[in-house]
Amino acid sequence: MGRLAARVLGVVCVGGGVGLLAWGISSGALREPISEQGVSLAIFPSASAVIGWGAGILAAGVTTLLVTFMDRPYGPWDE
């Protein structure tokens, strides 16, 4: 049950990270300010901050997914 919850959390983090990266890159490339909703959170003051948060969340999601798909190191006598 724990692996399933971790996988769901990993997929949500990957999706959120990609979304934040796309938002930050497009805002930076078009030289547009971050929208009012993003500025009101105070953790997204600029496009580079959004890119940083997106990269961090994406890395956490990918790491979570990789860890959940690793095999358990059981020996021949362990169950």
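A residue is called buried under 20% relative accessible area, exposed over 50%, and partly exposed in between (1.4 Å probe, protein chains only). The legends below describe a predicted model, in which local features need pLDDT of at least 70 and side-chain atom pairs count only at pLDDT 80 or more, while totals for chains, interfaces and linings use all residues. Residues are numbered from 1 along each chain as its sequence is written, and side-chain values use heavy atoms, with hydrogens and water left out.

**View 1. Arg31 in the loop between α1 and α2.**
Welcome to the first close-up. Arg31 is not a glycine, yet it has a positive phi of about 55°. Is Arg31 buried or exposed? Arg31 has a relative accessible area of 75%, so it is exposed.

**View 2. The overall fold, with three helices and zero strands.**
Helices (H or I, at least four residues) and strands (E, at least two) are DSSP runs, numbered from the N terminus. Along the sequence the pattern reads α-α-α. Of the 79 residues in the protein, buried ones make up 19%. The protein exposes about 5,700 Å², and carbon and sulfur atoms supply 70% of that area; the areas come from the Shrake-Rupley method with a 1.4 Å probe, and for residues only the protein chains shown count as cover. Contact here means heavy atoms within 4.5 Å. Taking contacts between residues at least 6 apart in sequence, 69% join residues at least 24 apart.

**View 3. An aromatic cluster formed by Trp23, Phe44 and Trp53.**
How many aromatic pairs does a search of the whole structure find? The search finds two. Rings of Phe, Tyr and Trp (its six-membered ring) pair if their centres lie within 6.5 Å; planes under 30 degrees apart count as stacked, over 60 as edge-to-face and the rest as tilted. Trp23 and Phe44 have ring centres 5.8 Å apart and planes at 80°, so this pair is edge-to-face. It links distant parts of the chain, with Trp23 in helix α1 (residues 2-29) and Phe44 in the loop between α2 (36-40) and α3 (47-69), 21 residues apart. Phe44 and Trp53 are also listed as edge-to-face, because their ring planes stand at 90°, with the centres 6.5 Å apart. Trp23 is partly exposed at 27%, and Trp53 is partly exposed at 43%.

**View 4. The largest nonpolar core, made up of Leu20, Ile34, Phe44, Ala47 and Val50.**
In soluble globular proteins, nonpolar side chains tend to be buried together. A nonpolar core is a set of buried Ala, Val, Leu, Ile, Met, Phe, Trp, Tyr and Cys residues joined through side-chain atoms within 4.5 Å. Here the largest one has five residues in all. Leaving aside neighbours within four places in sequence, Leu20 is in contact with Phe44, Val50, Trp53, Gly54 and Ile57.

**View 5. Ser27, a residue of helix α1.**
Ser27 is buried, with a relative accessible area of 6%. Which backbone oxygen lies 3.0 Å from a polar atom of the side chain of Ser27? That oxygen belongs to Trp23. A polar contact is a pair of N or O atoms within 3.5 Å; within protein, one must be able to donate a hydrogen and the other to accept it, and residues adjacent in sequence count only if both atoms are side-chain atoms. Apart from neighbours within four places in sequence, Ser27 is in contact with Glu32, Ile34 and Ala47.

**View 6. Thr68 in helix α3, with Leu4 in helix α1.**
Thr68 counts as buried at 6% relative accessibility, whereas Leu4 is exposed at 54%. Their C-alpha atoms are 8.4 Å apart in space, and the two residues are 64 apart in sequence. Not counting residues up to four places away in sequence, Thr68 touches Arg3, Ala6 and Arg7.

**View 7. Arg7 over the face of Phe69.**
A charge sits over a ring if NZ of Lys or CZ of Arg is within 6 Å of the ring centre and within 35 degrees of the ring normal. Arg7 lies at 4.0 Å from the ring centre of Phe69.
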